[in-house]
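Open the model in your viewer and keep the selection tool ready.

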Amino acid sequence: MTSPSLDVPPGPGFVATVAAATGIHRTDAFKVAQLFITHPGPRRPNETTETVRDGMRRLATALHLGPGDEEPPVIGAQLVIRREVVALDYGHDQYMMTIPSPSEDWIALVGYGAPCRICLVIAPLALAAGKEESDAHVRASLARGELMWGTTFARRRF
C-alpha cells in the first residue's frame, strides 16, 4: 500500500481523530492566541503510528507550516469563527477542522484580529499525558524536526 502524497490534505476521517487545544500566551506587551495540534495515536482499524505520522505531516504541509526551529511563516487567514464555533481551513476542498471548546477570551482575541500561533506535533501524544510529559514530548519533537508551526488569523467577514 502506498501512502498519499504529502501535498494531499488528509481526509475528514483522519482529521476527526486529531486533538486540538487552545490557549493564550500573555506578556506585558501583547497577547498571542495559540492552537496546539497533536494526535493521540493509532485508534482506528488499519491505523499505525506511521500512518498517524504521515497524516500529521500531510496536515502540516496542507497548512503550509514551517519547522519549529525557524521563524513561523504567516500562513494566511485560516480560522473561521461563526458564533461560538471555530474551524480551521486546512486545505481540504470540502471540509474544515472544528476546534473544540475554545474559551470566550480566545475567541474574542482571534475575532478582533490577533494572530494565532499554530503548533503541530507530528509524533502521537496520548490524551492522558500530563504537563511534564507533554512538555518533554514537544521538546523531543522539536529536536527531531517533528514540530511544525505557523501564524494564522481569523477570516474577516464583510
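How many nonpolar, polar and charged residues does the lining of the largest pocket have? The lining has 15 nonpolar, seven polar and three charged residues (Ala, Val, Leu, Ile, Met, Phe, Trp, Tyr, Cys and Pro count as nonpolar, Asp, Glu, Lys and Arg as charged, and the others, Gly among them, as polar).

This is a predicted model, in which local features need pLDDT of at least 70 and side-chain atom pairs count only at pLDDT 80 or more, while totals for chains, interfaces and linings use all residues. Residues are numbered from 1 along each chain as its sequence is written, and side-chain values use heavy atoms, with hydrogens and water left out.

Select Gln34, Phe36, Cys119, Val138 and Leu147: of the 25 lining residues, these lie nearest the centre of the largest pocket. A pocket here is an open set of points on a 1 Å grid over the protein atoms alone, where a 1.4 Å probe fits, with protein on both sides within 12 Å along at least five of seven lines; lining residues have an atom within 4 Å of a point.

Next, select Arg155 and Asp89. Their side chains meet in a salt bridge (2.4 Å, N to O), that is, a side-chain nitrogen of Lys or Arg within 4 Å of a carboxyl oxygen of Asp or Glu. Asp89 counts as buried at 15% relative accessibility, and Arg155 as partly exposed at 35% (buried is under 20% relative accessible area, exposed over 50%, partly exposed in between, with a 1.4 Å probe and protein chains only).

Finally, select Lys131 and Asp135, another salt bridge, with the closest N and O atoms 3.0 Å apart. Lys131 is exposed, at 58%.
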